[in-house]
Amino acid sequence: MPLTDADLQALWLTIRLAATVTLILFVIGTPIAWWLARTRSGWKGAIGAAVALPLVLPPSVIGFYLLITMGPNGPLGQLTQALGLGLLPFTFWGLVVASLFYSMPFMVQPLQNAFESMGTRPLEVAATLRASPLDAFFSVALPLAAPGFLTAGILTFAHTVGEFGVVLMIGGNIPGVTRVASVQIYDHVEAMEYGDAHRLAAVMLVFSFLVLLAVYSARPNRPKG
Amino acid sequence: MDPIEVRLRLTWPGFSLELDERLPGRGVTALFGPSGCGKTTLLRCIAGLERAPQGRLAFQGEVWQDAGTWVPTHRRPLGYVFQEPSLFPHLTVLGNLRFGQRRSPAPGGTAAPSGLDQAVELLGIGPLLERRPERLSGGERQRVGIARALAVNPRILLMDEPLAALDHQRKQEILPYLERLHERLSIPVLYISHAPDEVARLADHLVVLEAGRVLASGPLQETLARLDLPIRLGEDAGVVLEGRVAERDQRWHLLRVDCAGASLWVRDTGVAIGRQVRVRILARDVSVTLTQAQGSSIVNTLPARVAALGEDSHPALALVRLQAGAATVLARVTHRSADLLGLAPGLAVWIQIKAVALL
């Protein structure tokens, strides 16, 4: 039996959300990862820990704080209202903002590793070959970190696809707006539609496995040491 | 050519570097010293890869660093060769060469890729251009690294022990290319090394560093012949002479090298007649006689004049500086012999040279 229209709608929404978040995080996460990899500042520890927080916090805690922040009396909510954008909770863009925080470590950490492992030498070489720091970043650091970008992009996308708790706190369950695949599965189960839940769950399972397979096989088998 | 002014003061935990030097604006200047003496730090400061908190750097009238001036590395007209070739792995050999060339103004304003073509030719890497760095041997990689530094048309070339990471055979493969650079390049080269043979072969000017300070600085031949501060390139004191191959003795497989009035026979290594060569004579291989020795097995016997006497590393030994024509040679003798022979400045003697190494 094929997926229902509601299922397809939920899947499409999930993909749009994950793609949007991944693209935005490439832009936000790259400078953060670069800074973390290069800085000698005392703030490195604090910023690094803040970025990694979503790895350990229950999604409901993140969702709760974001809900308050984006709510009518929260700082972000006041800002969006002042800009005439209305309030973010229970909208697609509210989900995007929440997912940016939630998926941040999956973007930043692989990139930071990639930047750290290349060391400073390639950039020094670029400088002696007349490349300005910005030029060297784009012409040397980015190509050398390409595998890191691939890993970071895939992990971020997959992790956003898989989020549930934060979505429920921030987005609720509005068809076509905030009802992503994981929420749709939850709905099916609540309604005792186990057959429907199975089909969608199987899609997610296969997708997740394929993504991880891609990440692990793209990683070259470097000899240790 | 104007000299390069280097005045730097830098202190790190357990290390300090302090110097005030004027390095020559032409030829190869070797920065020589044991590891940890600050050679690399000095070169990195000159390149702007490291910033000494106090200092002044001026290259041929252009100020690179001063109290209120800091020219970043990418705006300094230099080429830098790192100890490891550090080629960009995501580019081919040609891509590596073009990286800097595209970003540097060609001399004369035209798009003529003269620096690149000349570098490819000088280093003999024409056949490698389409290859990826991981498919090159260690020696080939370093040749590409040197060519890449030259392709930017630098006005000074900085080389940080370019041969140190290579085994003996690879070194011998690259040294001839470096000698070609030495002959053909008109720009000054600062060359870091702790290998005596490289310095003896390549350097025109020698700066000896120890623990972050300059121990001696001057033209290679003069500096090596100093008695107050015998500079040991490696195990022993000795001089380097420059000369030309004048004659080949086919029968005995010998070459005659004319060095500033002194004629020396060396083993024939196949060098062409007329070639500019260097020979090295260690003080321990030179002995002094008052009359020309007869019936000796030693081939190289020259008339000379005692220029000065100095102390050597052991109280029993003296170093004698001798002038043979325009060539300066050091001899190691015991104080007893010096006294017995009455060696004194101005005395005419004969020197016997047991071994002359053609470099």
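Strand 13 and strand 14 of chain B form a hairpin with two residues between them. In the turn, A260(B) has a positive phi of about 40°. This is a predicted model: local features need pLDDT of at least 70, side-chain atom pairs count only at pLDDT 80 or more, and totals for chains, interfaces and linings use all residues. Residues are numbered from 1 along each chain as its sequence is written, while chains are lettered from A and ligands numbered from 1 in the order in which they are written.

**Hairpins and antiparallel pairs**

- Strand 13 (residues 254-259) and strand 14 (residues 262-267) of chain B run antiparallel over six bridges. Strands here are DSSP E runs of at least two residues, helices are H or I runs of at least four, and both are numbered from the N terminus. Two strands pair if DSSP finds at least two bridges between them.
- Across this pair, R267(B) in strand 14 stands opposite L254(B).
- Nine bridges join strand 1 to strand 2 (residues 15-23) of chain B in the antiparallel sense. R7(B) faces D20(B) in strand 2 of chain B.
- Strand 1 (residues 4-12) of chain B also pairs antiparallel with strand 4 (residues 54-59) of chain B, over six bridges. Here R9(B) stands opposite Q54(B).

**The six-stranded sheet of chain B**

- The sheet is open and mixed, with strand order 7-8-9-3-10-11.
- Strand 7 (78-81) and strand 11 (213-219) of chain B are the edges; each has a single partner strand, so one side of each lacks a neighbour in the sheet.
- The twist averages 15° from one strand to the next. Axes are lines fitted to C-alpha atoms, for helices over the stretch in contact, and angles run from 0 to 180 degrees between N-to-C directions.
- Strand 3 (residues 28-32) and strand 9 (residues 189-193) of chain B are parallel, joined by five bridges. L190(B) in strand 9 is the bridge partner of T29(B).

**Nonpolar core**

- The largest nonpolar core has 151 residues. Such a core is a set of buried Ala, Val, Leu, Ile, Met, Phe, Trp, Tyr and Cys residues joined through C-beta atoms within 7 Å. Buried means that 20 or more other C-beta atoms lie within 10 Å of a residue's own, with C-beta atoms placed from the backbone.
- Among the members that touch the most others are A30(B), A147(B) and I351(B).
- Helix 5 (residues 92-118) of chain A gives the most to this core, with 11 residues.
- Domain 1 (4-224) and domain 2 (238-358) of chain B each supply at least three of its residues.
- Beyond its neighbours within four places in sequence, A30(B) contacts residues including Y191(B), V199(B) and L206(B). Contact means C-beta atoms, placed from the backbone, within 7 Å.

**Domains of chain B**

- Chain B is assigned domain 1 (4-224) and domain 2 (238-358). These bounds come from an automatic or database domain assignment.
- The domain centres, taken over C-alpha atoms, are 34 Å apart.
- Five residues of domain 1 and seven of domain 2 form the contact.
- On the domain 1 side, helix 6 (196-202) and helix 7 (220-224) of chain B each supply at least two residues. Helix 7 of chain B has the largest share, three residues.

**Contact between chains A and B**

- Chain A contributes 13 residues and chain B 15.
- Helix 6 (121-128) and helix 7 (133-144) of chain A each give two or more residues to the chain A side. Helix 6 of chain A gives the most, with six residues.

Note on methods. Two residues are in contact if their C-beta atoms, placed from the backbone, lie within 7 Å. A residue is buried if 20 or more other C-beta atoms lie within 10 Å of its own, exposed if 12 or fewer, and partly exposed in between; C-beta atoms are placed from the backbone.
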